[in-house]
Amino acid sequence: MIKRVLLIKHDKIGDFVLTWPSLYLLKMALPQASIEVFVSPAVKTFAQACPYIDHVIVDNGDDAAISQQFAERQYDAILVSLSEWRTYKLIRHLDVPYKLAPKHAWFQYLYRHRANVTYRKDEPCWRGSCMLVEHFLRHHGYPIPALPKQYWDMSQHRQQWQQYYGQQGNELLIFAHAGTGGSSGALAPADFAALLRKINQQTQRDCKFVLTFSGDEEVLAQAIYDNLRQDDIKVVLAKPLPSLADFAESIVAADMFIAGSTGPLHLAGLHDVPTVGFYAGRRSAPKIRWQTLTQSHKRLAFTPPVGKRTGRNMALIDFDAAANEIAAFLDTHYADQQ
């Protein structure tokens, strides 16, 4: 009987968000087991907020101490989501019955059990971590649970966070995040502001735009804010929150999340919030690869023409068409909120 499982490890927030489906599978298949993760300090508070995790071990850089922590937990299985030489050294001496790693690079040959985690071109990248877990569950005779429509139900806190962001009456809170984490191109502040202005003009809904940002992105958010305020459009700069976990939870207030940065979009996807992603135009189809966890009928995505010269030029996106499609979605999806 499996009593304790460790999943190793995730250094970036965006990557960790995309493991929630696999963590869900583990917890639903093994409800009595302790599901544990090994993560970087940046991920700690967010990992602790995940409803499918029972224990978090933080990478403090002290390999000897970390390996000792692993030994004390007496794991029945260790699933290596990110295979590195250091990872292998941390666990090679542990008396753990089952160690599983992905078939990536030469590190795979250090493990007795290996899983194919190569997802198809028409599948999102989060399928990879699910394939690792599914291999583990099948090997031990557990059925594969069906995935949910929503991964993080914080609906009981929605009104609280709507008040935090200043929602009044029947206003829709449209979150917009400037900047990019590097997986896609960045929208220029002027283009982003023009997009939001056109959405506001085209939709029949009463909208308030909430501009979120992190670090240096505040400059971009401020530029968009100043642009929109010239036309008296309802817009606010998001108030700072103490931690990423708080911000991630607060997104439950959003009626839509618009961004060219995959990280915030993935956070919105946990709540099944309608998402609008702006991705680079590449043959690898980023809008499929980096699609959010929001249900498919609530995902919109736009790219410039595919090509070496055009793919990262986000100014080539047809923002008029995008605004019309987004506005039409808002009108239809929220038609019952009068």
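Tutor: Buried means under 20% relative accessible area, exposed means over 50%, and partly exposed lies in between (1.4 Å probe, protein chains only). This is a predicted model, where local features need pLDDT of at least 70, side-chain atom pairs count only at pLDDT 80 or more, and totals for chains, interfaces and linings use all residues. Residues are numbered from 1 along each chain as its sequence is written, and side-chain values use heavy atoms, with hydrogens and water left out.

Student: Why does Glu171 count as buried?

Tutor: Its relative accessibility is 5%. The cut-off is under 20%. So Glu171 is buried.

Student: What does Glu171 touch, not counting residues up to four places away in sequence?

Tutor: Glu171 touches Gly166, Asp206, Lys208, Lys234 and Asp255. Contact here means heavy atoms within 4.5 Å.

Student: What makes the pairing of the Glu171 and Lys234 side chains a polar contact?

Tutor: The distance is 2.9 Å. A polar contact is a pair of N or O atoms within 3.5 Å; within protein, one must be able to donate a hydrogen and the other to accept it, and residues adjacent in sequence count only if both atoms are side-chain atoms. The Glu171 side chain also has a polar atom 2.9 Å from the backbone nitrogen of Gln168.
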